[in-house]
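Good morning, and thank you for joining.

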Amino acid sequence: MNLPEHLKAKMARVQHMDASDPPLIALVGRESTPRVSQTHHHASGQLLGLFNGLISVRTSLGAWVVPTTRAVWVPPHCPHAAFSHGPFNGWAVYVRPDRCAGLPEQPRAIEVSGLLREAVVRAAQWDMGPPDRAQTHVMQVILDEIALSPADAFRLPMPGDARLKRIATALVDNPADARTLDAWAAWANTAPRTVSRRFVEETGLTFTAWRQRARLLRGLELLAAGQPVGTVALDLGYDNASAFIAVFKRTFHTTPGRYFAMASPDIADVRATETLATDDDTAG
């Protein structure tokens, strides 16, 4: 990957940050092709967001499909994987391990405020080196935004029970699978009542609601890849496009077409010649 020299210096540090580094390192850039980051972890905390496009982030606690209005926080040493869906223009903030005290201890999605977005763009323009007073203030704004932003509830929580996790994994792999709860319970060698009760206990969602959320998250991925709404609806197991659009609108308060037509902020082209990598030996 051909990176500018100033970005190479940052990329060389983000996986191994220590007391000699600034409190955080910010990166901004774009990729014209999809990227896949296999499961990995690093000592620094990471906040990953977008100016346009769509990414998925998965951890042992659940999965998030991240639009431009959200970012995902991954605490230090937390195994995670990231996938982009088509071209994207995004950003990442890596937080030095000792500065993660007071930040969320579990992975979570947060709403991206205009203040946070602007602060990240500002920080991404700095070269490596000790921060001055103004830079220190901007860094503190970013840390405060991470610490104070409420968690976004829309994620796909994975159950911990091995039998339920087997069902959940199969549905993530094929959300169109229309088997009933009774059929899934038999497949996992457990009782339907157990599946129904444990899904609520371990994910906070009923089995039906969990499956619908899994379908919606996959739907976002397919739509971001450019697939027509009708094709996506059928691929997800809906009878027709209207049924999928109705569920989508109830959840996201807009139609699929309008959701992906939302304008990107003007700052989306800042330093757009850079490359924001998401593989495990760069900007994982």
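Let me begin with a definition: two strands pair if DSSP finds at least two bridges between them. Strands (E, at least two residues) and helices (H or I, at least four) are DSSP runs, numbered from the N terminus. The model is a predicted one, in which local features need pLDDT of at least 70 and side-chain atom pairs count only at pLDDT 80 or more, while totals for chains, interfaces and linings use all residues. Residues are numbered from 1 along each chain as its sequence is written, and side-chain values use heavy atoms, with hydrogens and water left out.

With that settled, please look at valine 72, whose bridge partner in S9 is alanine 109. Strand S6, residues 70-74, is joined to S9 by four bridges, and the two run antiparallel. They belong to an open sheet of five strands, ordered S1-S8-S3-S6-S9, with antiparallel pairing. At its edges are strand S1 (24-31) and strand S9 (108-111), each of which pairs on one side only. On average, neighbouring strands of this sheet are turned by 20° against each other, direction ignored; axes are lines fitted to C-alpha atoms, for helices over the stretch in contact, and angles run from 0 to 180 degrees between N-to-C directions.

The other open sheet I wish to show has five strands in the order S2-S7-S4-S5-S10, and its pairing is antiparallel. Strand S2 (36-40) and strand S10 (156-157) each have a single partner strand, so one side of each is left without a neighbour in the sheet. Two bridges join S5 to the antiparallel S10, and alanine 63 has leucine 156 of S10 as its bridge partner.

Turning to the helices, H4 (residues 162-173) packs against H7 (residues 207-224) at about 35°, with the axes 9 Å apart. Contact, meaning heavy atoms within 4.5 Å, involves Ile167, Ala168, Leu171, Val172 and Asp173 of H4, and Phe207, Trp210, Arg211 and Arg218 of H7.

Which residues lie nearest the centre of the second largest pocket? They are Arg58, Ala63, Leu156, Met158 and Val172, out of 18 lining residues. A pocket here is an open set of points on a 1 Å grid over the protein atoms alone, where a 1.4 Å probe fits, with protein on both sides within 12 Å along at least five of seven lines; lining residues have an atom within 4 Å of a point. Strand S4 (55-59), strand S5 (62-66), H4 and H7 each supply at least two residues of this lining.
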